[in-house]
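Please keep the sequence and the model open while reading.

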Amino acid sequence: MAAVVLCGSNRMGRSVVRLSFLSTKGTRRTDSCLSCFSGHQAGAGLYSRVTGVRFASRLAGGRIADAKYRKNALVAAGAAVVAGFMAGFSHFQRAEMATRIVKDEDNDREILEKCKGFMSAPVTDVEVLQQTKGEMSTRMEMLIMETQAAFCRALEEVDGGKFRVDRWERKEGGGGISCVLQDGKVFEKAGVNVSVVYGNLTEEAARQMRSRGKVLKGKDGKLPFRAMGVSSVIHPHNPHIPTVHFNYRYFEIEEADGTKQWWFGGGTDLTPVYIDQDDAVHFHGTLKEACDKHHPQYYPDYKKWCDRYFYIRHRGETRGIGGIFFDDVDGPSQEEAFKFVESCARTVVPCYVPIVRKHLKDSFSSEQKDWQQVRRGRYVEFNLVYDRGVKFGLATPGSRIESILMSLPLTARWEYMHEPPKGSQEAEMLDVLRNPKDWV
């Protein structure tokens, strides 16, 4: 035998009335939201104008006021109450509720369908993503998972090999998915990582952020954070195919008063071993097109920032021919900032894969391979000495070192006092690295 119990709870000034079917032992069997009511506070007695039945209030001690009344009134009038409440709904209320339910179900299905196309299940549980689908952290996690999958599959199509997919967990909170293709036909080493981590910032990590002008106010010395991003570095065999790097990330910090600081960062840059004017124009043109959709000043500003950021100070040269780079982006609004990052992330396949296909059959000499190894040495120097992502990862307890150092090539070379012959293709490349230029 089942009893019908209606419970009211005040939510944002509107009381949600829930219908629960209880077994005689009090176990809930079904719980379905019926409607939103106005004027009832949590725990107050509920009254049906349709049936004239008043439902039992909870007393201060938490007991039902009258067990006999509860049994007789609720059980006897249960069906009438349900009918009364449903009859009391306006057509508009019923339509609104139905539309909201359908929309929520569609959104849940959309997230589930997207997850099926990822390289692995998301770091965050799918049910949690469905429940928090409107939050920026959820939207960003879905974006980085989509970006990882799209880029990996495009590279697999070119190379013919398959990425190894490793899921890892961070005991302090969160985890990640590392996808690595090593010793392929085209790519000597290709890595595409996703990480979603959370916990408390270490003092070293907080110090790095404060050095960039961040004002961070922790509580009892703690700064809860949540960070997520997708990053990739691709090192091809052929020295005529450039190395590419991209990273798009989102960061949240909860301060002492409960407010959140948030910002986005990222960028995409190209590191060729030999200059190809058409490749440079294509790469920068694709990025510029994405930036121009949001603001005409984004590309020129972030292109200059990229040249400054990827500068190897102790060598007096840039790592490559740049692209775009930005960090600490917290405006003009969170939505607009996210849309900009989304546009940039969508370019990683079209800005790079056509260049790879163009040079697949290019021949090269042992001397050209040696020059590639020297340039890779410069790549390693920048990543270990200057790169913010590497420094943050190494300063964060529980970080996965294999994933952080995935950006390093399998092979590199350091030659004492190396200087290419004047007038050579290598000298031309070095001149561009010492004197960055505009490509579009």
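**Cavity lining and helix packing**

The residues lining the largest cavity divide into 6 nonpolar, 4 polar and 2 charged, where Ala, Val, Leu, Ile, Met, Phe, Trp, Tyr, Cys and Pro count as nonpolar, Asp, Glu, Lys and Arg as charged, and the others, Gly among them, as polar. The model is predicted, so that local features need pLDDT of at least 70 and side-chain atom pairs count only at pLDDT 80 or more, while totals for chains, interfaces and linings use all residues. Residues are numbered from 1 along each chain as its sequence is written, and side-chain values use heavy atoms, with hydrogens and water left out.

**The cavity**

- The count comes to 3 cavities of 30 Å³ or more, a cavity being a set of points on a 1 Å grid over the protein atoms alone where a 1.4 Å probe fits but cannot get out.
- The largest cavity has a volume of about 90 Å³, volume being the space filled by probe spheres set on the points, which are joined across faces, edges and corners.
- Its lining residues, which have an atom within 4 Å of a point, include H235, P236, Q372, R375, R376 and Y379.
- The largest share of that lining, 4 residues, comes from α10, and β7 (224-236) and α10 (366-385) each supply at least two residues; helices (H or I, at least four residues) and strands (E, at least two) are DSSP runs, numbered from the N terminus.

**The helix pair**

- The axes of α10 and α13 (residues 425-434) come within 11 Å and cross at roughly 20 degrees, with axes being lines fitted to C-alpha atoms, for helices over the stretch in contact, and angles running from 0 to 180 degrees between N-to-C directions.
- That crossing makes α10 roughly parallel to α13, because angles under 35 degrees count as roughly parallel.
- Q368, W371 and R375 in α10 meet Q425, E426, M429, L430 and L433 in α13, contact meaning heavy atoms within 4.5 Å.

Technical notes:
On a 1 Å grid over the protein atoms alone, a cavity is a set of points where a 1.4 Å probe fits but cannot get out, and a pocket is an open set with protein on both sides within 12 Å along at least five of seven lines; lining residues have an atom within 4 Å of a point. Angles under 35 degrees count as roughly parallel, over 145 as roughly antiparallel, 65 to 115 as roughly perpendicular and the rest as oblique.
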